[in-house]
Amino acid sequence: MEPSAKRPAARPGRYAAIDIGTVTCRMLVADVDGAGRLHELDREYAITNLGEDVDATGVLKPAAMRRVLDAVARYQDVLAGFEEPGRPIEVTAIATSAARDAGNAEEFERLLAEQGVRLAVIPGQREAALSFSGASCDFAGERLLVVDIGGGSTEVVAGCAGGEPARSHSFNIGCRRVTEKFLASDPPADAELEAARAWTEEGMRPFFDELRASGFAIERLVAVAGTATTVVSIRERMRVYDTARVHKALVTRPELDAVHDELRRAPLAERERIVGLDPGRAPVIVAGMVILRTVLDLAGVDSFTVSESDILHGIILDAAR
């Protein structure tokens, strides 16, 4: 497989990206130089659970939309502190799986517009491409498989870092969706976990079979987003989250399995107190581990690298072109 085409040069400036996912709402503010390098100024993060019950009801709850609106209002206050005369901040806001699935997404877009935020609800393939762009920043020339586990969907992307994705797929398999479909017990029962794993594997296997048949050889599996970063923060027992220690950390399969076992055995109230785990992520983290372990199995790899460069970086790089 030949390396993909190189991307065009960047347009220098100050940019902000807001990613409204099924579980989290995040913002990155960064300057982009003429060489296309990002210089981070600020990160913001909140668990807003926009996708609460969307899989069952097909609509966004008013309370869930309000949580996002409140987070975005706070982010707008943060952005005001980075404004400089004659240097406007170009803001791009996207929403992913929960908004894609919801029948009332237009109402959500209208509410954000009333706050001065123009929202784009992007398709899964676009989400995959942006995730790959951000995650591949630090691995120039390597043949990567990037996995981005979200609340409602998981994007899996293969390609050569520095180019466009060679193969990608957005699966309607995410940690909130899997939790609501399968993990009813507290802690999850063995049979529930096995059903979740089997469903995840069944949905993803065709992509991996096709990737293997294409001859693409994975040099590195890069995992982004909260499930992957949580593995490192729990492994390292981080009472205060340290991005520098998480970014580019290597996690072996035995280490992943150890964290998974600790989480799956703990009832929710106990899980919320595990050092390194954001309590707001505790209800869906076990499902996230099921998905991540299944991806490693299907990819045939025994480790992964965690990246803090993710879809937010991809959004800004895209805006700067």
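Reader: How much space lies in the largest pocket?

Author: About 790 Å³ of space lies in the largest pocket of this predicted model. A pocket is an open set of points on a 1 Å grid over the protein atoms alone, with protein on both sides within 12 Å along at least five of seven lines, and lining residues have an atom within 4 Å of a point. The volume is the space filled by probe spheres set on the points, which are joined across faces, edges and corners. The model is predicted, and local features need pLDDT of at least 70, side-chain atom pairs count only at pLDDT 80 or more, and totals for chains, interfaces and linings use all residues. Residues are numbered from 1 along each chain as its sequence is written, and side-chain values use heavy atoms, with hydrogens and water left out.

Reader: Which residues are the closest to the centre of the largest pocket?

Author: Of the 41 lining residues, Arg26, Tyr45, Gly226, Thr229 and Arg281 are the closest to the centre. Helix H8 (226-235) gives the largest share of the lining, five residues. Helices (H or I, at least four residues) and strands (E, at least two) are DSSP runs, numbered from the N terminus.

Reader: Which strands pair with E4?

Author: Two strands pair if DSSP finds at least two bridges between them. Strand E1 (residues 13-20) pairs with strand E4 (residues 89-95) in the parallel sense over seven bridges; there, Ile18 has Ala93 as its bridge partner. E4 also pairs in the parallel sense with strand E5 (residues 119-121), over three bridges, and Ile94 has Ala120 as its partner in E5.

Reader: Which residues have the most contacts inside the largest nonpolar core?

Author: In soluble globular proteins, nonpolar side chains tend to be buried together. A nonpolar core is a set of buried Ala, Val, Leu, Ile, Met, Phe, Trp, Tyr and Cys residues joined through side-chain atoms within 4.5 Å; buried means under 20% relative accessible area, with a 1.4 Å probe and protein chains only. Here the largest core has 50 residues, and those with the most contacts inside it are Leu145, Phe208, Leu221, Leu263, Leu292 and Phe304. Helix H12 (residues 285-299) supplies the largest share of this core, 11 residues. A second, separate core of 29 residues includes Phe108, Leu111, Val117 and Leu119.

Reader: Is Phe216 buried or exposed?

Author: Phe216 is buried, with a relative accessible area of 8%. Phe216 lies in the loop between helix H7 (190-214) and strand E9 (220-224).

Conventions
1 Å grid on protein atoms, 1.4 Å probe; cavity = no way out; pocket = protein on both sides within 12 Å on 5 of 7 lines; lining within 4 Å.
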